[in-house]
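Here is a friendly walk through a structure, from one chain to its partner and on to some local details. Please keep the view open as you read.

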Amino acid sequence: MHKYIFKRILMMIPVVIGVSLLVFMVLKMTPGDPARVVAGSEADEATVAQIREELGLNKPVLQQYVDYMAGMLHGDMGNSYTTGKPVFSEILSRMPTTFILAFAGVLVAVLIGIPLGIISATKQYSILDNISTLLALTGVAMPNFWLGLMLILVFALQLGWLPSGGVTSWQGYILPAVTLGVGATANFMRTTRSSMLEVIRQDYIRTVRAKGANEKRVILRHALRNALIPVITVIGLQIGTLLGGAVVNETVFSLPGVGMLMINSINKKDEPVVLGCLITFAVVFSLVNLFVDILYAYIDPRIKSQYR
Amino acid sequence: MKDSTAAATMGKEQSKKRKRSQMTEIWRRMRRNRLAMFGLVIVSILIIVAIFANQIADYNTVAIKQNVVERLQGPSAEHWAGTDEFGRDIFARLVHGARISLLVGVVAVCIALVTGGILGAIAGYFGGTVDNVIMRIMDIFLSIPILLLAIMIVAALGSSMLNLMIAIGLASMPTFARIVRASVLSVKDQEFVEAARAIGAKNNHIILRHIMPNCLSPIIVQATLRVATAILSTASLSFISLGIQAPAPEWGAMLASGRAYIRDAPHIVIIPGLLIMITILSLNLLGDGLRDALDPKLKR
């Protein structure tokens, strides 16, 4: 097991380097001179040249990348062009909001999606199955930020039950988490349903039934464990989508997370902050995938054995 | 000599007939799927509306012209979907929005299809190191969520309609590369490809003429589904002000500017969102229907 985890971590290194290099290169393509942004439009050429020198912008791009990554390992991602504060601490202070939001979104989706999927599969073609299929179809098609606005309209403005934004209390996370979770719920439900349908037709399930186990035990103890394997892959994949969705959702609910920071920085052309946010998202996403893969090996020993 | 020409024409006729009967068969299977037909009808209406947008409501005099006297009106006989915060007719703006969304969606998917398709075909056909290099680069692309990748490209290039198309197109490129590669791998060792090679056909001829036609089904299905994703991404990016800029009537941008008035005039936000949802739903239903019709084996 340890060997597998070690190998999997080693495999992550080229991916992280590749992703960060890609992000770095693309952002370096941005037209305009960052030194000019820092210096302001009235500064003379000599000042701009001096700032360029200070920020290391006159070095070759690859050298800049290596310097940047070396700095990042020490928690140094440069300073914001607009506020002058260190990017690392800016991101770190906003990280909890984004994480809580994404985690709560996954939780909502798992808690609703998987049980619905199980019920749909065990009662195939029943009214409940058809209703949840319909809900899944609309859930996937619904623009996430629009659902957020609709929830604000109903639960915050009309009923006044929940706050429409901000995170002064835990209630502030309810609407954003539900909003974020709905698309994923639909996905989890469909995957659970189809994989459950496949599993309950297998021989070993018939054997369990023949031994006289009751239906609850057959489904929850025997079928679900195998049916969940594809669901876990989908959960891992969905976390990426959820991180992207969190960016948009933070705008809808005015939550002070990393996504909000990134969008504001893009509009202000604050390159170091944008770069920092994107690399953070990419690294977090890689880590999540790593975690999912390891979890996978625990659940399905067949996968681990491929790496021996 | 005469005989061989006759035989050739007959062969052509026959293959034409076979093609036609294959199309009728696919169409017959589509027709039986009510949800897919619903999708097809809605998508067709949207395409027609997008083409004739200027005939339905003029862009300069109706869709973007401000008329503050009539601002924030609810739906009425005169303004079917009400008016927005500048007194512009929301129905007219939605009609022109359909044009923008479909255009961005289709062009972005074409960009993804061409770039991803070429890379995937090369990777699958040649295999080995080429395959490894291309697919590892695609993996890196895939390890960033699509929306974040698009945000990154827009952040670098600046926000305009063309950049938006490029951003969303490049973000969906790896999916097509994977599909095309997988399809190429599944057919490249079959006898008809070997036969083509044996009679001296060149690599690009084999890929384009013999392998590609056999990979079309999954590509068509994925392209349809991807247009939906692209439209959704466009709306999301415009909503966070990184997409289409005002006063252009993009659906997501309409939601962004309308949200300030959600309390007093909720129709500004409700109606465009419903339209986005119906569009995506229809495209998804159509895509799923096409999958079932094109390849009954894949039916889930």
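Of the 300 residues in chain B, 46% are buried, where buried means 20 or more other C-beta atoms within 10 Å of a residue's own, exposed means 12 or fewer, and partly exposed is in between, with C-beta atoms placed from the backbone. This is a predicted model, in which local features need pLDDT of at least 70 and side-chain atom pairs count only at pLDDT 80 or more, while totals for chains, interfaces and linings use all residues. Residues are numbered from 1 along each chain as its sequence is written, and chains are lettered from A and ligands numbered from 1 in the order in which they are written.

Chain B has 12 helices and 0 strands; helices (H or I, at least four residues) and strands (E, at least two) are DSSP runs, numbered from the N terminus. Along the principal axes, the C-alpha atoms of chain B fill a box of roughly 80 × 45 × 40 Å. Contacts here are pairs of residues whose C-beta atoms, placed from the backbone, lie within 7 Å. Among those in chain B between residues at least 6 apart in sequence, 68% join residues at least 24 apart.

How many residues of chain B are in contact with chain A? There are 32, and they meet 37 residues of chain A. The helices in the table each supply at least two residues of this side of chain B.

| Helix of chain B | Residues |
|---|---|
| α6 | 128-142 |
| α7 | 146-157 |
| α10 | 203-239 |
| α12 | 267-294 |

## The core

The largest nonpolar core has 156 residues; such a core is a set of buried Ala, Val, Leu, Ile, Met, Phe, Trp, Tyr and Cys residues joined through C-beta atoms within 7 Å. Helix α5 (residues 90-126) of chain B gives the largest share of this core, 17 residues. A:Leu278 and B:Ala150 have the most contacts inside the core. Beyond four places in sequence, B:Ala150 touches B:Ala167, B:Ile168, B:Ala171, B:Ser233 and B:Leu237.

## Two places in chain A

In chain A, A:Gly56 sits in the loop between α3 (45-55) and α4 (61-73). Why does A:Gly56 count as exposed? Because it has 12 other C-beta atoms within 10 Å. Leaving aside neighbours within four places in sequence, A:Gly56 is in contact with A:Gln64 and A:Asp67.

Helix α8 of chain A (residues 174-199) is mostly covered, with 22 of its 26 residues buried.

Definitions and conventions:
Contact = placed C-beta atoms within 7 Å.
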